[in-house]
Amino acid sequence: MTSPPESRLALLGGGFSTEDDGLLDDWVLGHARVARPRVCFVPTASGDAPGYVERFLAAFRPRACEPSVLSLFRREADDRALRAFLLAQDVVYVGGGNTANLLAVWRAHGVDRLLREALGRGTLLCGISAGANCWAEGSHTDSFGPLTHLPDGLGLLPGSVCPHYDGEPGRRPSYRAAVASGALPPGWAVEDGVGALFDGGRPVDVVTRRAEARLHRVEPDGSGGAVEHPVPAGSSADACLPGRRPGQTVGAPKRAR
């Protein structure tokens, strides 16, 4: 009997758009299902900004992969061709920008449905900032100006996501307040420099490019506040469960084991 494909998502706190060392991008490629993966960059959240596209291509063309870009603001493919293109990808890498706009454009073009289908077929979905927010049920965002909660997402990752947890003023208290109040469901806070791979909604590999960076599980504490459970690098799902003492090892980004 054939095993069902993995349902894998990666939340990134860095990559080609914020660092030059390429460590997190290499980590993503190491988790692809083939040695030379087809990697599609989706820059919708930035309005398909040309400079963003150029940086992606400059970073990925020298790597052992086949990079491409999906532009929706200058879309050329019909529905059949768009579906064939996305389902042929091994990795879909979503860039940062405006989460609310990204979701609206994807839904208008049916990309939300196609990505759900791709995930079910084993494609690795990943992204940074808005490109991490979009996969969850809800997210913490500045899509509307001030930091706020967005109880809307694709729901491919249960719970909520907060990017830039330690990198932008106000992120940590604002996200904790949203989770404590129930405005957002419990979820995952991604500090800058972290890569977190999820399979079936549970973290299976966490890496960092900064010794102090962490992924956190954030949940209500039952007393009107919120509690964080840091997930150590190199750990699996059990490390983030309440009552577990997180380990101390922090590993550099590494390829799939």
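Guide: Start with H31, which lies in the loop between α1 (23–30) and β2 (38–42). Helices (H or I, at least four residues) and strands (E, at least two) are DSSP runs, numbered from the N terminus. This is a predicted model, where local features need pLDDT of at least 70, side-chain atom pairs count only at pLDDT 80 or more, and totals for chains, interfaces and linings use all residues. Residues are numbered from 1 along each chain as its sequence is written, and side-chain values use heavy atoms, with hydrogens and water left out.

Visitor: Why does H31 count as buried?

Guide: Buried means under 20% relative accessible area, exposed over 50%, partly exposed in between (1.4 Å probe, protein chains only). H31 has 9% relative accessibility, so H31 counts as buried. H31 and L124 are 93 residues apart in sequence, yet 7.9 Å apart in space, C-alpha to C-alpha.

Visitor: What makes I128 buried?

Guide: Its relative accessibility is 6%, so I128 counts as buried. I128 is found in strand β5 (residues 124–128).

Visitor: In which order do the strands of the open sheet run?

Guide: The order is β3-β2-β4-β5-β1-β10-β11, 7 strands with mixed pairing. β3 (66–69) and β11 (202–208) each have a single partner strand, so they stand at the edges, and one side of each is left without a neighbour in the sheet. On average, neighbouring strands are turned by 20° against each other, direction ignored. For such angles, axes are lines fitted to C-alpha atoms, for helices over the stretch in contact, and angles run from 0 to 180 degrees between N-to-C directions.

Visitor: How do you know that β1 and β10 pair?

Guide: Two strands pair if DSSP finds at least two bridges between them. Here 5 bridges join β1 (residues 8–12) to β10 (residues 194–199), so they pair, and they run antiparallel. L12 stands opposite G195 in β10.

Visitor: Why is β8 called largely enclosed?

Guide: In β8 (residues 157–162), 5 of the 6 residues are buried, so the strand is largely enclosed by the rest of the structure. Strand β6 (residues 136–141) pairs with β8 in the parallel sense over 3 bridges. β8 also pairs with strand β9 (residues 187–190) in the parallel sense, over 3 bridges. C162 stands opposite A189 in β9.

Visitor: What makes the β-α-β unit right-handed?

Guide: A crossover is right-handed if, with the strands pointing away from the viewer, the path from the first strand over the helix to the second runs clockwise. β8, helix α7 (residues 171–181) and β9 make such a right-handed unit.
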